[in-house]
Amino acid sequence: MSNDQDNLETKLSDAKAVAGGMLSKNKHVSASGTTAVEVAKTGSIKDLILWLLAAAVLIGATLVNQYLPGYWQPANDVWVRIGIIVVLVVFALVCLALTHQGRAFKILLKDAAVELRRVTWPGKDETFQYTWQVIVVIAIAGFFIWLLDNFFNWFVGVFIG
C-alpha cells in the first residue's frame with residue numbers, strides 16, 4: 001500500500017511541477033532564459049536617447065511634406081518627399097528596435113510565431129459548419145433586436161405621441 005501511495009505522490013508532484021511550469025506568470029521565456037516582460041521593464045539612458053531620437057525623427061517625417069519643399073528645391077518632387085519620409089520612418093523603427101522594449105517585442109514576435117505553428121486550424125467542413133452557425137445566431141439576434149425596436153417604437157408612439 002505504501003509503495004502505491006509513494007508512486008501516486010510521485011506522479012502528483014510531477015504533474016504539479018509540469019502544471020506549475022506551464023502556468024507560471026513568466027511563461028514567455030526566450031532562448032536566453034529571459035522573459036519579454038523582464039527585458040521590457042529594464043531601461044537605460046541609451047533607451048531614453050533612442051526613444052527621444054525616434055520621436056523627433058517621426059515628428060520630422062510628418063513635417064517633411066509641408067515644410068521641406070520651401071527650403072530645399074529637390075523636395076518639390078513628390079517621390080523625393082516620399083523617399084525621405086520612408087527613410088525617416090525606417091530610421092525611427094531601427095532606433096526603437098535597438099531599445100530594450102524593441103528586444104522584448106522581437107521576443108514576443110518569435111513566441112507568437114511558435115504559438116501559431118502549434119495552432120490546429122479547422123478544416124473546410126468545420127469552417128463551413130461554424131460559418132453557418134454564426135450566420136444563424138446573427139439572424140436570430142437580429143430578429144430579436146428588430147422585435148424590441150418595433151415594440152419600443154410602438155410604446156413611445158402610444159404613450160408620448
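Modeller: Let's start with a term: a patch is made of residues with over 30% relative accessible area and no salt bridge, with like charges joined within 9 Å and nonpolar side chains (Val, Leu, Ile, Met, Phe, Trp, Tyr) within 5 Å. This is a predicted model, where local features need pLDDT of at least 70, side-chain atom pairs count only at pLDDT 80 or more, and totals for chains, interfaces and linings use all residues. Residues are numbered from 1 along each chain as its sequence is written, and side-chain values use heavy atoms, leaving out hydrogens and water.

Colleague: Thanks! How much accessible area does the nonpolar patch on the surface have together?

Modeller: Accessible areas come from the Shrake-Rupley method with a 1.4 Å probe, and for residues only the protein chains shown count as cover. L148, F151, F152, W154, F155, V156, V158, F159 and I160 form the patch. Their accessible area together is about 970 Å².

Colleague: Which pattern does the protein chain follow along the sequence?

Modeller: Helices (H or I, at least four residues) and strands (E, at least two) are DSSP runs, numbered from the N terminus. The chain has 6 helices and 0 strands. Read along the sequence, the pattern is α-α-α-α-α-α.

Colleague: What share of the residues counts as buried?

Modeller: The chain exposes about 13100 Å², and carbon and sulfur atoms supply 71% of that area. Of its 161 residues, the share that counts as buried is 13%.

Colleague: Which side chain meets R118 in a salt bridge?

Modeller: A salt bridge is a side-chain nitrogen of Lys or Arg within 4 Å of a carboxyl oxygen of Asp or Glu, and a search of the whole structure finds 1. Both partners lie in helix 5 (residues 100-118), 3 residues apart, about one turn of the helix. R118 is exposed at 59% relative accessible area. At 3.1 Å, N to O, its partner is E115.

Colleague: And R81, how far away is its nearest side chain of opposite charge?

Modeller: R81 belongs to helix 4 (residues 78-97). Lys and Arg count as positive and Asp and Glu as negative, while His and the chain ends are not counted. R81 is buried yet has no salt bridge, and its nearest side chain of opposite charge, D77, is away by 7.1 Å.

Colleague: What separates the C-alpha atoms of T42 and Q101?

Modeller: T42 lies in the loop between helix 2 (36-41) and helix 3. Not counting residues up to four places away in sequence, T42 touches D47, H100 and Q101, where contact means heavy atoms within 4.5 Å. T42 and Q101 are 59 residues apart along the chain, and their C-alpha atoms are separated by 8.1 Å.

Terms used: Buried < 20%, exposed > 50% of the residue type's maximum accessible area, 1.4 Å probe, protein only.
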